[in-house]
Amino acid sequence: MFRLTPRPEDAARALARTTGWSEVEVPGLWTMQGFSTPRYTNVVMPFDDPPPDVPEENETGIYWRTFTVPRGWRSRPVVLEFGGSEGMLCVLVNGEPVGLAKDARTPAAFDISDLVDHRATNEVAAVVVRWSDASFVEDQDQWWHAGLPRSIRLVSPSVSDVDWRGAANGEFEVDANVEGEARLRDAAGRVVARTPVGGGGRVRNPQLWSAETPSLYTLEVEADGETVSCEVGFRSVEIRERQLLVNGKPVLIAGVNRHEHDDLRGRAVTRASMETDARTMKRFNVNAGRTSQYPDDPYWLELCDRYGLYVVDEANIESHAYYDDLCHDPAYRAQWVERVANMVERDKNHPSVIFWSLGNESGYGPNHDAAAGWVRARDPTRPLHYEGAIALDWTGGRTATDVVCPMYADVESIEHWAETKTDDPRPLILCEYSHAMGNSNGGLSDYWSAFRRHDALQGGYVWEWVDHGIRAEADGVEYWVYGGDFGERPHDGNFCADGMVWPDRTPHPALHELKFLAQPVEVEARAGGQFRIHNRQHFAALDRYRGEWTLEADGRRVAAGRLPPMRVAPGGSLVVTLDLPAGDGERFVTFRFFLRAATEWADAGHEVAVQQLPLPSRGRRVGGSAQRLDLGDGVLPGLVLDGPRLQLWRAPTDNDGLPLVETRAAGPLEHWRELGLDRLELELVSSSRGELVHRARGVATHTHRYRRLSSGEILVENVVELARGVRDVPRVGVLLTLRPGLEHLEWYGPGPWEAYADRLASTVVGRFESTVGEQYVPYINPQEHGHHPGTRWLRLTDSRGRGLEVRGLPAIGFGASHFTAADLTAARHTFELAPRPEVFLSLDLAQRGLGTASCGPDTGRQYRLLEGRYEFSFALREL
């Protein structure tokens, strides 16, 4: 049963009442169960009081239930364990106070042996106070919730603590809180070692744990007639010569930051949700996760052990609003050390944990050094991670971090660091980079090129995994809300919608880019029809995969075949020779690699890697003579209702600077609006046979010429000249408005998902079919989407096959939509959009890249439109 009071002082009276109670689900959060609302801030606290003070109006939830103690526990300890509490937890059993806990995300265990009645029904009350002095060190970038989000157990353990250490050479030690015997079983259930508790031993040729080969053993500890077990592994982690070594080998981190979030349950995540996350990560070649920014539910680490994910386990410490204050405050020192210790003691036996993190965005001070000293004494087998220790100086902070782990550093900075000689043995692994807010992750391939070039750059963790949208409904349409939608102030808008998957775990298009860049197989072309297949893995051979190849010309299959068995050791290569027939057209050979057998995270046949390579091509002759046209009625196909009209504007992406966040501004958006790019007024300057000139005063001049080719196509030649001082525009192209009904879409070019100049690596050139409606990408905050650069041709047709063909000369970018850029610009949520019947076809010479300016580097200069004059052509044909 549950009830909510406005202040802690009201809790005692409320607990005594027999009416006004409601049933709620536990684990659960009252902020997601209709009793109150969540609030979203990134940096600032949701109230004005300075630490350690909190508001007098301080919601307090009271959970109450009865329980009985199982038979046979009379002479045994009885322990009540809370997996976590969003807010300060105060526990009473049978009306007697038991204790309190303030660390929201590690267990709080209370020995209630002397308070329970073994022959009668007992009562337990859990009083959760939303704000306390601990709130100031739980100021993470996420929704503020309140309640009991994790499991609650009544246990009677004889063996309450087991400590395992297993090295890569097979040596191990086992300790526990009691005397007894320890047994180690392999995956087949065979006992491979025994030792008294407090002792150790050695397993010959152990199967080592890694993210690629997550080999686990079962440790059983028997004492006082009770046996407890857990999964453990043999592996080593060390930092040496500017490299992170797992089992003596350098690894490349293809990581993501993962907050716990469910769009209906908040941070009360289910096992099914965690399993979906782990499976999806593995399917997209993610090999690591940072538990940003607190210890996750213990089941998550079990999945990481089983599936194979390296983990940075992060303590529940973030004092972002008081960044440089609390880390120096002696009054908070105990919280620093206890929170780190709570995490280490809970998670110490998980082989997936390769770093202990001292928290996030809480400055750097003696409280961190105190916590670091405790960890180094308790567990010398794992290195430490803390970004704050190197935030101002990448050469400093060695007491608190064994890795240089900056946030949002640009590619030039990390490459300069890697090329600088130093005696610092630490590698660089970006703890946060490539901010995934909306249509984002531009330049991700540039980071990965740097990782591949420099041994000391060992990857990083994309921010972040999941959009934190909360499901809502308007007029029967479901959508996701973000900061400010509950009326809270202050708030940080949609800054919480910054994941690589939507809240329902549907992948964003950008996740395919990460999958490609991190894929375990690389193929490169050699002379004479030879191709080198390289195993990028560090521990696993390629024989777990089967390979296929396909030769296409102009997007049509010419030949295909299977690759020979790939018995390629880690880091090794195989050269294959393919008999590829000659022929006309634009030719590509595409290699695809699939799982031979099912795993815990994917079925047999799952595609793990794809690589397309261009081949020498003999182009077919196109075009022919051209005749200049009179620009009267009927020149353009009749299904063109308007245009081509000059288009320099795009619906702003979050990285462009969409101002829904009260506490930040980024990107070039305001400058674009000052130029009036979102409201171009075009005036006809001149019209002559086959040529029109339009001008947007102070912005640009658009000259477009029309000719009829001998093929019957209408050739449209465009020259766009930007005014002096007008540079770095969002796009250069034209917009055509087409009649309703042209819903079927086919194109030849990069696909199948949307792509941009700085997020293009994962696409392959081919023929693709879709619909105009399916081109919509429902980013939580509506914005630019659906762009396809480098398209050779596209067709839009109706149900009878009639429509329009556009041919790029030689290629053009396009986007087809039922929304205008103005529609998308005006909307704050997806439900506010109403598809129009017309088709809006954008034909672009280029668009500005996406970058990551919402939190990180802006679009690279090589992906911007910095010239003053642009020329492009395309041909139209009615079908």
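Reader: How many salt bridges does a search of the whole structure find?

Author: The model is a predicted one, and the values discussed here are computed from it. A pair counts when a side-chain nitrogen of Lys or Arg lies within 4 Å of a carboxyl oxygen of Asp or Glu. A search of the whole structure on that basis finds 68.

Reader: D161 forms a salt bridge with K348; how many residues apart in sequence are the parts that this pair ties together?

Author: In this salt bridge the closest N and O atoms of D161 and K348 are 2.9 Å apart. D161 sits in the loop between β12 and β13, whereas K348 sits in the loop between α4 and β26, so the parts that the pair ties together are separated in sequence by 187 residues.

Reader: Which strand holds D163, the salt-bridge partner of R378?

Author: The closest N and O atoms of R378 and D163 are 3.1 Å apart, and D163 is buried, with a relative accessible area of 15%. The two residues are 215 apart and link distant parts of the chain, R378 being in helix α5 and D163 in strand β13.

Reader: Which element gives the most residues to the lining of the largest pocket?

Author: The largest pocket has a volume of about 1,800 Å³, and of the 48 residues that line it, the closest to its centre are E81, P107, R153, P298 and R346. Elements that give two or more residues to this lining include β5, β12, α2 and α3. By class, the lining divides into 19 nonpolar, 10 polar and 19 charged residues. The element that gives the most, with seven residues, is α4.

Reader: Which element supplies the largest share of the lining of the second largest pocket?

Author: The second largest pocket has a volume of about 840 Å³, and among its 35 lining residues E212, N287, P520, Q537 and H538 lie nearest its centre. This lining has 18 nonpolar, nine polar and eight charged residues. At least two residues each come from α3, α7 and β29, and the largest share, three residues, comes from α7.

Terms used. Residues numbered from 1 in each chain as written. Predicted model: local features only at pLDDT ≥ 70, side-chain atom pairs only at ≥ 80, totals over all residues. Heavy atoms only, no water. 1 Å grid on protein atoms, 1.4 Å probe; cavity = no way out; pocket = protein on both sides within 12 Å on 5 of 7 lines; lining within 4 Å. Points joined across faces, edges and corners; volume = space filled by probe spheres on them. Helix = DSSP H or I, 4+ residues; strand = E, 2+ residues; numbered from the N terminus. Nonpolar A, V, L, I, M, F, W, Y, C, P; charged D, E, K, R; others polar. Buried < 20%, exposed > 50% of the residue type's maximum accessible area, 1.4 Å probe, protein only.
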